[in-house]
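Here's a quick briefing to read alongside the model. Have the sequence and the 3D view open as you go.

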Amino acid sequence: MKNILYPLVASLLLIGCSSSVKPPKTVSVEPTEELVKEYRNQDFSIVLDDMKIEEETNLMDYQHKYKVLTMVGDSLHAKKMPWKTVNKKYFKEHENDLGMEVISKHNGKISRVAQPVGFGWAIGNEKHGEWEPVKKDSTSSNNNHASNRRWRTHSTSPFLWYWLLSRRSTYRNDYNGYQRNYNSGKSYYGNNTSGGSYTYGTRSNYEKTKRSSFFSRKTQNASRWNSLTNKSSRSSSRYSNGSSTRSRSGGYGK
């Protein structure tokens, strides 16, 4: 009987070990919270610029790269930050937020709801632009309806260059969808197509084109990304972040 039990127990142990993954590196304070302290005396937006997962001998290292947008005088500045280790929980929470603001502070209010860049403080703000009618063409109708208006950034706005670089149009019905989600404390990714693509964030065709290196890296390291859905061999998160809470950051766009 013992001769039968020993191999059985050994097999079960091997199965249990093979289903686990390496424990993640941890940080006591998320890098975004350190940036909040660093920029506490001014308005800012922290944009998730890149993500990667590194595998070490005994640990998985989940990393973010951020870009911080700030106003300096009448100019919008973008400062790229180096790679930083984040907690696995925080990494997973923002897995779909590539290219979006993950934390922002404008008009003295901090928001921790991921949102398309500028939607909470530039889009809908008459200091930066206005909603203009979309010209009719042979394939559309009722384009002058308010919900189909397109945002046009003033040439004098410091935000203009950002729109020129992105070459993306923002429509009023899209912005209305953002406002509904934001007021409910939810992130807004735009419309979901039949192919599973969204307008904003990691799952958008726009980011797949703009940040193609990220998606190539993710494909090459698919096993590391699978670790996000697998249980690690031990619990390791020492930090509880506040990304599920929010603070409204503006009332533009009326």
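**The big picture**

The protein exposes about 14,200 Å², and carbon and sulfur atoms supply 49% of that area. Keep in mind that this is a predicted model. The protein has 254 residues, and 42% of them count as buried. Its secondary structure comes to 8 helices and 8 strands. Take the contacts between residues at least 6 apart in sequence: 65% of them join residues at least 24 apart.

**Strand β2 and its partners**

- Strand β2 spans residues 60-72 and is mostly covered, with 10 of its 13 residues buried.
- β1 and β2 run antiparallel and are joined by 11 bridges; the hairpin between them goes through 4 residues.
- Within that pairing, Lys52 has Gln63 of β2 as its bridge partner.
- Gln63 also stands opposite Thr85 in β4, a strand made of residues 84-85 that pairs with β2 in the antiparallel sense over 2 bridges.
- β3 (residues 75-80) is another antiparallel partner of β2, joined to it by 6 bridges, and here Met71 stands opposite Leu76.
- The β2-β3 hairpin has 2 residues between the strands, and Gly73 in the turn has a positive phi of about 65 degrees.
- As a general point, side chains in a regular strand alternate between the two faces of the sheet.

**Salt bridges**

- The count of salt bridges comes to 14.
- Glu54 pairs up with Arg224 in one of them, with the closest N and O atoms 3.8 Å apart.
- Since Glu54 sits in strand β1 (residues 44-55) and Arg224 in helix α8 (residues 222-226), this pair ties together parts that are 170 residues apart in sequence.
- Glu54 itself is partly exposed, at a relative accessible area of 28%.
- There's a network here too: salt bridges link Lys22, Lys52, Glu54, Glu55 and Arg224.
- Lys52 in that network is the residue whose bridge partner in β2 is Gln63.
- Arg211 and Glu207 meet through their side chains in a salt bridge at 2.4 Å, N to O.
- Are Arg211 and Glu207 buried or exposed? Arg211 is buried at 9% relative accessibility, and Glu207 is buried too, with a relative accessible area of 3%.

**Around strand β8**

- Arg152 forms a salt bridge with Glu132, and their closest N and O atoms are 3.2 Å apart.
- Arg152 belongs to strand β8 and Glu132 to strand β7 (residues 129-132), so the pair ties together parts that are 20 residues apart in sequence.
- Arg152 counts as partly exposed at 34% relative accessibility.
- Thr153 is also found in β8, which covers residues 150-153.
- Thr153 counts as buried because its relative accessibility is 11%, and the cut-off for buried is under 20%.
- What does the side chain of Thr153 make a polar contact with? It's the side chain of Trp151, at 3.3 Å.
- Leaving aside residues up to four places away in sequence, Thr153 touches His128, Gly129, Phe159, Leu160 and Trp163.

**Gly108 in its loop**

- Gly108 lies in the loop between β5 (101-106) and β6 (109-111).
- With a relative accessible area of 57%, Gly108 is exposed, because exposed means over 50%.
- Gly108 and Arg40 are 68 residues apart along the chain, and their C-alpha atoms are separated by 9.3 Å.

Definitions and conventions:
Residues numbered from 1 in each chain as written. Predicted model: local features only at pLDDT ≥ 70, side-chain atom pairs only at ≥ 80, totals over all residues. Heavy atoms only, no water. Buried < 20%, exposed > 50% of the residue type's maximum accessible area, 1.4 Å probe, protein only. Contact = heavy atoms within 4.5 Å. Areas by Shrake-Rupley, 256 points an atom, 1.4 Å probe, with all protein chains shown as cover. Polar contact = N/O pair within 3.5 Å; in protein donor to acceptor, adjacent residues only side chain to side chain. Salt bridge = Lys/Arg side-chain N within 4 Å of Asp/Glu carboxyl O. Pairing = 2+ DSSP bridges.
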